[in-house]
Amino acid sequence: MSPLKKAVVIQHHRFETLGSNFTAILEELGYEIATVPVFEGGPEFAEYDAPDLGDVDLIIALGGPMSANDGYPALRREMEYLRSAADAGKPVLGICLGAQLLSRALGGIVEPTGGYQFGLRKLWVSEEGHADPAFSSISIPLVPTLHGECFSIPPGAVRHAEGFMLRRDGRYRRINMAFRYRNAYGVQFEPQLTLEELEVWNRELAGDYDLMGPEFDPAVESRRNLREFTGFASAHEAQMGAFLIKMLSDCHA
C-alpha cells in the first residue's frame with residue numbers, strides 16, 4: 001500500500017472549514033489531512049505550528065475574519081510558510097483570506113475594497129485562466145463569496161479572473177479574483193463551500209450581511225444567498241471538485 005500524502009489545512013475561523021466535498025476528494029486521492037487551527041492562538045494569534053514543508057504535499061489556507069495586514073505573529077509566520085511553499089513549487093490553494101496572505105507573502109498588496117460581498121458573484125475569467133489546466137474546469141463563472149478586502153496580483157503571478165465589488169458609496173470597483181504563481185493558486189471566492197456549510201454560515205455569520213451597506217437588507221440577502229446557492233450547489237461542487245483534482249494532477253505531473 002502506498003504511503004499517504006499529507007495535506008495541511010490552515011483554518012482561520014471555526015466555521016470556515018474545508019467542507020465535505022474537498023475533504024472527500026482529498027481522502028479518496030490518498031491524502032492525510034492535518035488541520036492547523038490558527039484562530040485558537042488567542043487574541044494576538046501568536047501560535048502557529050505547521051508540519052515541516054518537507055513532509056507536506058499540499059497546503060490549503062482557508063478564509064477568516066482577520067486582515068492580511070493585521071500583523072499578528074501567527075499570520076506573519078503563515079505568510080513565510082506560504083511563500084516558502086510556493087517558491088518550492090508545492091501545491092498551494094489560498095482561499096479568501098488565504099489568498100490575500102499568499103498575495104502579500106509573494107510581494108502583493110491587500111487593501112479594503114470599500115464594500116463587502118456575501119453571496120454568488122460572476123467571474124470574468126482571463127485568457128490565461130481559460131487556458132490553465134485546472135482553472136479552466138470552472139466552466140460556469142459563478143462563485144460564492146465572503147470578503148471585504150482584495151489583493152493585487154503579486155510579481156511573477158498570472159491573473160486568472162477578475163470581478164466587480166459594489167462599494168458602499170454606490171460605485172463599482174474592479175477587483176482581482178484569482179491568480180496562479182507556479183503551483184500556487186489564490187482565489188477570492190469559496191471553492192470548498194457546500195450547501196451544508198452555507199447553512200451554518202447563514203446562522204453563525206449572519207452579522208456579515210450587515211457589512212454589505214445600507215443598500216442591502218441583511219434578512220433579504222441571507223434568504224437570497226441561501227436560495228440561489230441551493231440551486232447552484234451541485235454544479236459548484238462538481239466544477240470546483242474538478243478544479244481541485246486537476247490542480248493536484250497538474251502540480252504533481
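## Two helices that cross

A crossing of helices is called left-handed if the near helix is turned anticlockwise from the far one by less than a right angle, and right-handed if clockwise. In this predicted model, local features need pLDDT of at least 70 and side-chain atom pairs count only at pLDDT 80 or more, while totals for chains, interfaces and linings use all residues. Residues are numbered from 1 along each chain as its sequence is written, and side-chain values use heavy atoms, with hydrogens and water left out.

Let's start with helix H5 (residues 195-204), which passes helix H6 in a right-handed crossing. Helices (H or I, at least four residues) and strands (E, at least two) are DSSP runs, numbered from the N terminus. The axes of H5 and H6 (residues 218-251) come within 9 Å and cross at roughly 160 degrees. That makes H5 roughly antiparallel to H6, a label for angles over 145 degrees. Here, axes are lines fitted to C-alpha atoms, for helices over the stretch in contact, and angles run from 0 to 180 degrees between N-to-C directions.

Which residues of H5 make the contact? They are Leu 195, Leu 198, Glu 199 and Asn 202, where contact means heavy atoms within 4.5 Å. On the H6 side, the residues include Phe 229 and Glu 237.

## The sheet

Now look at the open sheet, where eight strands follow the order E2-E1-E3-E4-E10-E9-E8-E6 with mixed pairing. Two strands pair if DSSP finds at least two bridges between them. E2 and strand E6 (124-125) are the edge strands, and each pairs on one side only.

Strands E1 (residues 5-11) and E2 (residues 31-37) run parallel and are joined by seven bridges. Within this pair, Lys 6 has Glu 32 in E2 as its bridge partner. By contrast, E9 (residues 172-181) and E10 (residues 184-187) run antiparallel, with four bridges, and Arg 180 stands opposite Tyr 185 in E10.

## Helices on the sheet

H3 packs on the sheet, touching E3, E4, E9 and E10, and its direction makes about 120 degrees with that of E4. Helix H2 (residues 73-87) lies across E1, E3, E4, E9 and E10, running at about 140 degrees to E3.

Just after H3, Gly 107 takes a positive phi of about 100 degrees.

Technical notes
Angles under 35 degrees count as roughly parallel, over 145 as roughly antiparallel, 65 to 115 as roughly perpendicular and the rest as oblique. Buried means under 20% relative accessible area, exposed over 50%, partly exposed in between (1.4 Å probe, protein chains only).
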